[in-house]
Amino acid sequence: MKYPKHTSTRFDAELTEVCSSVQTMGLSVEKQIRLAIDSLQSGDLSIIDRVLDEGHIVNAMEVSIDESCTQILVKRQPTANDLRLVTTIIKTINDLESIGDEAENISRMSKQISIKNLRHIPRFQQLNYAADLALQMLMDGLSAFETLDADAAKQVGYRDSLIDDEFRSILRHLMAYMLEDSSELSTALQVIFIAKAIERIGDHAKNISEYVVYMIEGREARNYCTI
């Protein structure tokens, strides 16, 4: 991350290290999402276990980064831009951890679906598309954090409505699906839970983009226009 230098090179090193750790945590969360969607498609229980294992790594990283930020706040007592950077990191890792939790929820639902050995998962293509949107939002939000690009961060926020539209569409179709065939009620509900988890991932990715705008511009960015 390109950020103004300080008289203390140690302070610069601490900020660089913690920012790098955020990117590393983001990569782990991205991996969780990809594995979770793969597990839904394949029904491979070993993939589901990998999502949960990666979750332990993500949780440990959140604790470590939070402790580093606390030490910076105590020792350096940052102000202005530096304070916004540290608070942005603390908020971002909280949302990243929540995204990881949603990936685990997807995998748990995938496990229940795979046990039934279904050949057809209702609205799978829509789920896959929504997951791709959410994943791209996350990646773009972390990229905007890395490059300090407020405009790119705002574009992430604009795309959240696309995922919301997909969720509402999936919900409508599955409600009709359940009315037509009550024997698949449990499967339809599990798919709805997966769709909701993906929608929440998009919300958390949008949060991260808003933190980036606040960090750069010093103002709240919760009133994005939607498309």
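I began with the buried residues of H2, where buried means under 20% relative accessible area, taken with a 1.4 Å probe and protein chains only; they are Ile47, Ile48, Val51, Glu54, Gly55, Val58, Met61, Glu62, Ile65, Cys69 and Ile72. The model is predicted, so local features need pLDDT of at least 70 and side-chain atom pairs count only at pLDDT 80 or more, while totals for chains, interfaces and linings use all residues. Residues are numbered from 1 along each chain as its sequence is written, and side-chain values use heavy atoms, with hydrogens and water left out.

I then looked up what covers the buried residues of H2, and found that the cover includes H1 and helix H3 (80-115); helices here are DSSP runs of H or I with at least four residues, numbered from the N terminus.

For length, I noted that H2 has 32 residues and reaches 46 Å from its first C-alpha to its last, close to the 46 Å expected at 1.5 Å a residue, the expected span being 1.5 Å times one less than the number of residues. Helix H1 (residues 9-42), with 34 residues, reaches 49 Å between its first and last C-alpha, close to an expected 50 Å.

Last, I turned to Glu102 in helix H3, which counts as buried because its relative accessibility is 9%. Glu102 touches Ala197, Arg200 and Ile201, leaving aside residues up to four places away in sequence, where contact means heavy atoms within 4.5 Å.

Note on methods. Helix = DSSP H or I, 4+ residues; strand = E, 2+ residues; numbered from the N terminus. Buried < 20%, exposed > 50% of the residue type's maximum accessible area, 1.4 Å probe, protein only.
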